[in-house]
Amino acid sequence: MEQYVIKGGIPLVGEVEIAGAKNAALPIISAAIMTDEVVTLENLPDVNDINVLLEAIEGIGARVDRIDRHTVKINGSTIQDCSVEYECIKKIRASYYLLGALLGKYNNAEVPLPGGCNIGSRPIDQHLKGFRAIGAQVSIEHGTIIAKCDHMVGAHIFMDIVSVGATINIMMAASRAQGRTIIENAAKEPHVVDVANFLNSMGADIKGAGTDVIRIKGVSSFHGCNYMIVPDMIEAGTYMMAAAATKGDVIIKNVIPKHLEAITAKLLEIGCEVEESDDSVRVVAAKRLNRTHVKTQPYPGFPTDMQPQMSVVLALAAGTSIVTESIFENRFKYVDELTRMGANIKVEGNTAIIDGVPNFTGARISSPDLRAGAALVIAGLEADGFTVIDDIVYIQRGYEDFEGKLRGLGAEIERVTSEREIDKFELRIG
Ligand code: UD1
């Protein structure tokens, strides 16, 4: 089992380059199989979730050629099977995007119910409601979702809740239905826009992505294209929080500052300096930061995927902060671990009451999920002494070369697999 060992207490300083957005790349890889021509995708992050999905599409017959670490060519003309194997896909939640893609292309999809991070109950009723609205018969048999139809017909769909996954999935399938589909109460996240832009590059006719009404005119076929994935706003936000927590000075490059506005606003509010340029942001935290309140919301609100990292920063700020998680109910699992490092946090329902402490102390802790894991790494970077984090496999699902990029900012962090390696690290760093 791989672990991180960290010697904390060093302010992060320097520049870090952000990779492509995992949560855009996952649906885009799925959608790429919807044409029989070659699609070239650039700026793919090299993270486990992406590699698992690429293997899954190979598993149903698509051809995947790796051009370099961040570029693949995908050819969906060789797909023979609309049924995805459970073993290929059980680890990633975004497997559900293959439903929309296969249904859109072949009118037939069989995909095991998704796994992914355990951050609360994660129903997919809105996805299925959308597929049914455009004419698919959907059933769940032996843990697999089966969606089929003779042909799909556009429909007017009102989403009961704002869902990133459902919006994207319905958009993919409906872009090949006959006639017009309107999705109301759609999610507005930058990756929804990125997927719409990608589908349009393949010949789809989608308007309004980024607003809460998306209008889709179905087309009968897609063609190949070259596409570059948008930068990952959550990876960027994570480094912004790491700079803030360690009282550092970090320039985060290859970002779209507009996507980071909710995060930037909170950092400014608590006393950080944030300088924006065209494609980078610089975060400087010269002194102890102040308390604030945060509530997670769909975009453009404060992202749920940044809640644990923000809470770590607030756990070090002066005063009492209240963090309300309104998207997923099980997103405070890192709090017990953080308490072991000296944080003072009380969770009541979907709210965390955080009394800031001046600093953390290193401890042996465990990563409960992807974003919480990243947040605990940030805590370790700030803490006095050594921190060892177990279960970093979660973190590797979504952060490319996390330890390498942090080392580039001056952090003392290493990926290890044994007690001996931990001892060696501690001896070396002292
Ligand atoms: C995506 C992201 C995840 C992020 C989340 C919210 C991916 C792979 N994951 O997850 O990192 O935290 O958006 O920004 O892109 N819901 C239903 N029924 C549904 C679908 C969702 O009730 O059919 C609920 C969920 O339980 C949750 C809320 O809607 O409470 C939002 O979920 P959703 O936006 O769909 O999240 P995901 O697409 O799963």
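Helices (H or I, at least four residues) and strands (E, at least two) are DSSP runs, numbered from the N terminus. Just after helix α5, Gly-135 takes a positive phi of about 105 degrees. The model is a predicted one, in which local features need pLDDT of at least 70 and side-chain atom pairs count only at pLDDT 80 or more, whereas totals for chains, interfaces and linings use all residues. Residues are numbered from 1 along each chain as its sequence is written, and side-chain values use heavy atoms, with hydrogens and water left out.

Burial is stated by relative accessible area: buried means under 20%, exposed over 50%, and partly exposed in between, for a 1.4 Å probe and protein chains only. In helix α5, which spans residues 125-133, the buried residues are Gln-126, His-127, Leu-128, Gly-130 and Phe-131. With contact defined as heavy atoms within 4.5 Å, these buried residues pack against α4 (97-106), β7 (137-141), β8 (144-148), β9 (156-158) and α6 (164-174).

Ile-170 belongs to helix α6 and is buried, with a relative accessible area of 0%. Leaving aside residues up to four places away in sequence, Ile-170 touches Gln-126, His-127, Gly-130, Phe-131, Ile-157, Met-159 and Ile-183. Ile-157 is 13 residues from Ile-170 along the chain, and their C-alpha atoms are separated by 9.3 Å.

**Two open sheets**

Strands of a sheet pair through backbone hydrogen bonds, either parallel or antiparallel. Two strands count as paired here if DSSP finds at least two bridges between them.

| Strand pair | Sense | Bridges |
|---|---|---|
| β14 (residues 249-253) and β16 (residues 280-284) | antiparallel | five |
| β18 (residues 320-324) and β20 (residues 351-355) | antiparallel | five |

Within these pairs, Lys-253 has Ser-280 in β16 as its bridge partner, while Thr-320 stands opposite Asp-355 in β20.

**Aromatic pairs**

Rings of Phe, Tyr and Trp (its six-membered ring) pair if their centres lie within 6.5 Å, and planes under 30 degrees apart count as stacked, over 60 as edge-to-face and the rest as tilted. The whole structure holds six aromatic pairs. One of them joins Phe-332 and Tyr-334, a tilted pair with 6.3 Å centre to centre and 55 degrees between the planes, and both Phe-332 and Tyr-334 are buried.

The ring centres of Phe-386 and Phe-425 are 6.1 Å apart and their planes stand at 80 degrees, so this pair is edge-to-face. It links distant parts of the chain, with Phe-386 in strand β22 (residues 386-390) and Phe-425 in helix α15 (residues 419-429), 39 residues apart. Phe-386 is partly exposed at a relative accessible area of 23%, whereas Phe-425, at 1% relative accessibility, counts as buried.
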